[in-house]
Amino acid sequence: HIIDPNNKDDMVIEGKEFIEMTGGVVCKKCGTFECDCARDAETAKKEGKDLRVDTIKNGEAFDKLWPHMCVMARSRPEDKYAMVTGLIERGHVVAVTGDGTNDAPALKKADVGFAMGIAGTAVAR
């Protein structure tokens, strides 16, 4: 979809602003960014901890934003991860591009992850 300068609903938003508006990603059980929940099923079972399930902190704000977003500019790895998390929670199929180690969480969580060419790090690939 091409950005229509006459359509006030089309948005270009910076990643940092997106996170500020949605609250970013938190643990669904704890409601906090950092918690003691295990990040994978094996660790949860081994240590007898709850498995962390990520969610968007302010889902209502996310739902108002994402349908109108055409571009997320200056996006950081945590911005990509939040967008992927929110869209997957809402039943969408998500593809992400990335080239560095920091992009690995979003690449892994997405349904399809594209590591960028020979410049991409081994972790991203």
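**Figure 1. Burial and surface of the predicted model.** Of the protein's 125 residues, 34% are buried (under 20% relative accessible area, 1.4 Å probe, protein chains only). The exposed surface comes to about 8100 Å², with 52% supplied by carbon and sulfur atoms (Shrake-Rupley method, 1.4 Å probe). This is a predicted model: local features need pLDDT of at least 70, side-chain atom pairs count only at pLDDT 80 or more, and totals for chains, interfaces and linings use all residues. Residues are numbered from 1 along each chain as its sequence is written, and side-chain values use heavy atoms, without hydrogens and water.

**Figure 2. Order of helices and strands.** The protein has five helices and six strands (DSSP runs numbered from the N terminus: H or I, at least four residues; E, at least two). Their sequence pattern is β-α-β-α-β-α-β-α-β-α-β.

**Figure 3. The largest nonpolar core.** This core holds 18 residues (buried Ala, Val, Leu, Ile, Met, Phe, Trp, Tyr and Cys joined through side-chain atoms within 4.5 Å). Phe 18 and Val 96 touch the most other members. Helix 1 (15-22), helix 3 (59-65), helix 4 (77-89) and helix 5 (104-109) each supply at least two residues. Helix 4 gives the most, five.

**Figure 4. Surroundings of Val 96.** Leaving out residues up to four places away in sequence, Val 96 touches Lys 80, Val 84, Ala 106, Leu 107, Ala 110, Val 112, Gly 113 and Phe 114 (heavy atoms within 4.5 Å).

**Figure 5. Helix 4 and its end.** The 13 residues of helix 4 reach 18 Å from first C-alpha to last, close to the expected 18 Å (1.5 Å times one less than the number of residues). Its buried residues include Asp 79, Lys 80 and Tyr 81. Gly 91 follows helix 4, with a positive phi near 85°.

Technical notes:
Buried < 20%, exposed > 50% of the residue type's maximum accessible area, 1.4 Å probe, protein only.
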